[in-house]
Amino acid sequence: MAVTAQQIADLAGVSRGTVDRALHNRGRVNPEVKEKIQKIALELGYKPNLIGQALVRSKQDFKLGVILQSTETPTMQVVRAGVQRAAEELAASGVELVLRDFQGLDTELMLEYIEELVSAGVQGIALSPDTAPEVRQCIDELHAQGIPVITLNADAPGSKRLCFIGMDNYRAGQTAACLLRLMLPEGGKVLPLAGHLNNTAHNNRLNGFLDAIKAENTLNISTLAFQPCFDRDDYSHEITQHALRANPDLAAIYVASNGQKGVCQAIEEEGLKGRVKVAAFDLNELNMELLQSDSLSFVLDQEAFEQGYRPPFLLYEYLLHK
């Protein structure tokens with residue numbers, strides 16, 4: 001089986017782009033790192049892809065597209081940073097990466113950006129989709145045209161996407177439920193908050209959590225009706241404030257998406273910081289601060305940077321090697 005540049009990158013502890021620059025003498029690479037990469041490549045019998053090299057030498061247009069939704073959120077900003085890093089590293093291999101992003105979820109804008117990228121001549125697309133059937137149909141149409149699609153952060157199950165890069169969100173919801181049960185030995189009420197229910201990641205985290213709680217209903221934990229906050233802290237603040245006043249015995253809040261800042265503010269304003277547990281997702285800068293101040297009880301991370309960084313390289317490898 002042929003050795004890939006990604007395997008060399010994993011063994012050397014560097015990025016795929018660094019391996020490409022070191023093996024093909026493109027761009028600047030630390031001499032010691034370059035020597036290490038070349039040694040690993042030699043030991044593994046790595047053979048450079050001649051088709052890929054010819055593609056770069058011929059200066060043939062080689063474009064990839066990325067479309068991100070909800071980029072106003074801290075998590076998607078980290079995903080975006082991963083995409084930008086990949087774009088910088090792939091540029092050394094003659095690859096142009098075109099990024100389009102927008103706030104919130106907007107199916108029509110997503111479809112417009114896909115059409116724009118196809119018209120611009122992209123040969124592969126990575127995107128974070130919503131649950132609209134039109135998006136899945138569009139992915140299938142791109143597949144039929146020979147344009148591979150990778151979904152990231154949120155998936156489009158049932159579509160002909162090449163693969164999905166992200167967390168197993170249903171299992172993540174189950175994990176959060178198990179951790180909260182450990183933190184609530186006496187049981188109690190839990191308020192689940194979701195972001196956008198037309199986002200498969202948010203939806204799966206919510207369903208995994210609720211299913212796991214129901215499976216262990218003998219532990220005396222009950223859930224209030226879930227509330228959507230649309231990733232907005234002002235909405236989550238108002239929802240939390242109302243829930244705390246209507247349920248003085250509320251024991252915990254599960255935040256399946258964003259809105260944790262508003263949740264924590266409402267709890268502190270009601271004088272309940274530390275008593276009401278809060279579970280959230282993503283180890284971003286905001287959540288680090290909330291953890292260190294004991295406003296959040298725990299956070300489940302999903303390596304958001306990798307979700308943005310990895311898909312462009314996978315598309316690049318797939319287009320070269322099929």
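Two groups are in contact here when heavy atoms lie within 4.5 Å, and helices (H or I, at least four residues) and strands (E, at least two) are DSSP runs numbered from the N terminus. The structure is a predicted model, in which local features need pLDDT of at least 70 and side-chain atom pairs count only at pLDDT 80 or more, while totals for chains, interfaces and linings use all residues. Residues are numbered from 1 along each chain as its sequence is written, and side-chain values use heavy atoms, with hydrogens and water left out.

**Overall build**

The secondary structure of the protein chain comes to 13 helices and eleven strands, and its C-alpha atoms fill a box of roughly 70 × 45 × 35 Å along the principal axes. Of the 322 residues, 51% count as buried, where buried means under 20% relative accessible area, exposed means over 50% and partly exposed lies in between (1.4 Å probe, protein chains only). Among contacts in the protein chain with a separation of 6 or more, residues 24 or more positions apart account for 70%.

**The five-stranded sheet**

Strands of a sheet pair through backbone hydrogen bonds, either parallel or antiparallel; here two strands are taken to pair if DSSP finds at least two bridges between them. An open sheet of five strands has the order β2-β1-β3-β4-β5, with parallel pairing. Its edge strands are β2 (96-101) and β5 (163-165), each of which pairs on one side only. On average, and with direction ignored, neighbouring strands of this sheet are turned by 20 degrees against each other, the axes being lines fitted to C-alpha atoms, for helices over the stretch in contact, with angles that run from 0 to 180 degrees between N-to-C directions.

| Strand pair | Sense | Bridges | Bridge partners |
|---|---|---|---|
| β1 and β2 | parallel | six | Gly-65 and Val-98 |
| β1 and β3 | parallel | three | Gly-65 and Ile-125 |
| β4 and β5 | parallel | three | Ile-150 and Cys-163 |

Strand β1, helix α5 (residues 74-90) and β2 make a right-handed β-α-β unit. The chain also crosses from β3 through helix α7 (residues 133-144) to β4, and this β-α-β crossover is right-handed.

In a regular strand the side chains alternate between the two faces of the sheet. In strand β4 (residues 149-152), Val-149 and Thr-151 point one way while Ile-150 and Leu-152 point the other way, and all are buried.

**The helix pair α1 and α2**

Two packed helices are described by the angle between their axes and the distance between the axes. The axes of helix α1 (residues 5-12) and helix α2 (residues 16-24) come within 8 Å and cross at roughly 105 degrees. The two helices α1 and α2 are therefore roughly perpendicular to each other, a term that covers angles of 65 to 115 degrees, whereas those under 35 count as roughly parallel, those over 145 as roughly antiparallel and the rest as oblique. From α1 the contact is made by Ala-5, Gln-6, Ile-8 and Ala-9, and from α2 by Arg-16, Val-19 and Leu-23. These residues divide into five nonpolar, one polar and one charged; Ala, Val, Leu, Ile, Met, Phe, Trp, Tyr, Cys and Pro count as nonpolar, Asp, Glu, Lys and Arg as charged, and the others, Gly among them, as polar.

**Helix α11 and its cover**

The buried residues of helix α11 (residues 260-269) are Gln-260, Gly-262, Val-263, Cys-264, Ala-266 and Ile-267. What covers them includes β6 (188-194), α10 (233-246), β9 (250-255), β10 (277-281) and α12 (285-292). Just after α11, Gly-271 takes a positive phi of about 70 degrees.

Most residues other than glycine have a negative phi. Asn-153, in the loop between β4 and β5, has a positive phi near 65 degrees and counts as buried at 6% relative accessibility. Phe-230, in the loop between β8 (227-228) and α10, has a positive phi near 55 degrees and is partly exposed, with a relative accessible area of 39%.

Notes:
A crossover is right-handed if, with the strands pointing away from the viewer, the path from the first strand over the helix to the second runs clockwise.
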